[in-house]
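This briefing is written for a reader who has the sequence and the coordinates at hand. Please look through the model first, and then read the grouped points against it.

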Amino acid sequence: MTRTVFEKPDAVALVAEVFRELGYEGASMSSITARTKLSKGSLYHFFPGGKEQMAAEIMAHIDAWFVTEVFRPLEEDDPRAAILTMWETTDTYFRSGRRVCLIGAFALDETRDRFPSAIQNYFLRWIEALAGALTRAGLAAAEARVLAEEAVVGIQGALTLARALGDDAIFGRTLARLKERLGAAVE
């Protein structure tokens, strides 16, 4: 039985979860229709460019969410408050380590070669936004950049390790350590 979808964002969210589970290469149109309960007609209505358009729009949706919820606050708001909020927002978005970073997953396989700009820009924007907030909070630019890279690496690595070991608590412990480390650096 097919599922009724009223808006394109509904389809984007459903297909994103299939890509999270199966990866870009592993998600065939038949597996996407089966797992989302959307008809092929609905999928092609929303995504006439097929699977590649699905992935591009999903990454754009994820990026837009991070711009609004993480990157812009880091770039524009009080730096200390924005950094604190980033930890909470990150934990919520990644469901305390139970949700794969789809852009990170795409970066690990040949999908990276299909969407290099979108993948690179997501990670660079996060590092630069966090480094900028750390700099505005009083750190030297070089130190801020190193800490920002460590934070993004830590978040992504914790997601991977939590999934690999089946222990979501790894993500929470890692966020807590990173939060403490960056908090101490800007005191």
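This is a predicted model: local features need pLDDT of at least 70, side-chain atom pairs count only at pLDDT 80 or more; totals for chains, interfaces and linings use all residues.

**Helix 5**
- Helix 5 runs over residues 79–93, and its 15 residues reach 20 Å from the first C-alpha to the last, close to the 21 Å expected at 1.5 Å a residue.
- Its buried residues are Pro-79, Ala-82, Ile-83, Met-86, Trp-87, Thr-89, Thr-90 and Tyr-93, and these pack against helix 1 (8–26), helix 4 (50–76), helix 8 (116–136), helix 9 (141–165) and helix 10 (169–185).

**The loop between helix 5 and helix 6**
- Arg-95 lies in the loop between helix 5 and helix 6, where it takes a positive phi of about 50° although it is not a glycine.
- Arg-95 is partly exposed, with a relative accessible area of 41%.
- Ser-96 is found in the loop between helix 5 and helix 6, and its phi, near 55°, is likewise a positive value in a residue other than glycine.
- Ser-96 counts as partly exposed, at 29% relative accessibility.

**Helix 8**
- Helix 8 has 21 residues and spans 30 Å between its first and last C-alpha, close to the 30 Å expected at 1.5 Å a residue.
- Among the buried residues of helix 8 are Ile-119, Tyr-122, Phe-123, Trp-126, Ile-127 and Leu-134, and the buried residues of this helix pack against helix 4, helix 5, helix 6, helix 7 (111–114), helix 9 and helix 10.
- After helix 8 comes Gly-138, whose phi is positive, near 120°.

**The nonpolar core**
- The largest nonpolar core has 60 residues, and those with the most contacts inside it are Phe-19, Leu-74, Phe-94, Tyr-122, Trp-126 and Leu-134.
- Leaving aside residues up to four places away in sequence, Phe-19 touches Tyr-24, Ala-27, Ile-32, Lys-51, Met-54, Ala-55, Ile-58, Leu-102 and Phe-106.

**The largest pocket**
- The largest pocket holds about 240 Å³ of space, and it is lined by 15 residues, of which Val-100, Cys-101, Ala-105, Thr-160 and Arg-163 lie nearest its centre.
- Helix 6 (102–107) and helix 9 are the elements that give two or more residues to this lining, and the largest share, 4 residues, comes from helix 9.
- By residue type, the lining of the largest pocket divides into 6 nonpolar, 4 polar and 5 charged residues.

Notes: Residues are numbered from 1 along each chain as its sequence is written. Side-chain values use heavy atoms; hydrogens and water are left out. The expected span of a helix is 1.5 Å times one less than its number of residues. Buried means under 20% relative accessible area, exposed over 50%, partly exposed in between (1.4 Å probe, protein chains only). Contact means heavy atoms within 4.5 Å. A nonpolar core is a set of buried Ala, Val, Leu, Ile, Met, Phe, Trp, Tyr and Cys residues joined through side-chain atoms within 4.5 Å. On a 1 Å grid over the protein atoms alone, a cavity is a set of points where a 1.4 Å probe fits but cannot get out, and a pocket is an open set with protein on both sides within 12 Å along at least five of seven lines; lining residues have an atom within 4 Å of a point. Grid points are joined across faces, edges and corners, and a volume is the space filled by probe spheres set on the points. Ala, Val, Leu, Ile, Met, Phe, Trp, Tyr, Cys and Pro count as nonpolar, Asp, Glu, Lys and Arg as charged, and the others, Gly among them, as polar.
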